[in-house]
Amino acid sequence: MRLLVCAPLAMEARAVRHGLPVGPPEALVIRTGLGARRAPYLHGCDAMAVTGFGGALDATLRPGDVLVATEVWFEDRRFPCAAPETL
């Protein structure tokens, strides 16, 4: 399984690359920049994750906390995320 990891900022992409284990599953980390126009296609990957600092999403979040979506909203549609509990 190949994972595409999208990080808007270069600093976020470097942090993710540094923390990835060596070997399978393979992960491709790209810096996307900010905004929906910069969102990538899956580039032949099986799954996509978006990572970042999450700037002020919630005042209770602390450095090192992980926030995983259970669904993604796009306009008036909702898409459930597959097995968020495994992340």
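The protein chain exposes about 7200 Å², of which 60% is supplied by carbon and sulfur atoms. This value, like those that follow, comes from a predicted model. Of the 87 residues in the protein chain, 14% are buried. The chain contains one helix and five strands, and from the N terminus on these elements follow the order β-α-β-β-β-β. Among contacts between residues at least 6 apart in sequence, 58% join residues at least 24 apart.

Helix 1 spans residues 10-19, and Glu12, Ala13 and Val16 are buried in this helix. Seen down the helix axis, the buried residues fall within an arc of 100 degrees and therefore line one face of helix 1. An α-helix has 3.6 residues a turn, so residues three or four places apart point the same way. On the other side of helix 1, Met11, Arg14 and His18 are exposed. The buried residues of the helix pack against two strands, namely strand 1 (2-7) and strand 2 (26-31).

The largest nonpolar core is formed by five residues, Val5, Ala7, Ala13, Val16 and Val29. Strand 1 and helix 1 are the elements that give two or more residues to this core.

When residues up to four places away in sequence are not counted, Ala7 touches Glu12, Ala13, Ile30, Arg31, Thr32, Gly33 and Thr51.

Conventions
Residues numbered from 1 in each chain as written. Predicted model: local features only at pLDDT ≥ 70, side-chain atom pairs only at ≥ 80, totals over all residues. Heavy atoms only, no water. Buried < 20%, exposed > 50% of the residue type's maximum accessible area, 1.4 Å probe, protein only. Helix = DSSP H or I, 4+ residues; strand = E, 2+ residues; numbered from the N terminus. Arc of directions from axis to C-beta. Contact = heavy atoms within 4.5 Å. Areas by Shrake-Rupley, 256 points an atom, 1.4 Å probe, with all protein chains shown as cover. Core = buried A, V, L, I, M, F, W, Y, C linked by side-chain atoms within 4.5 Å.
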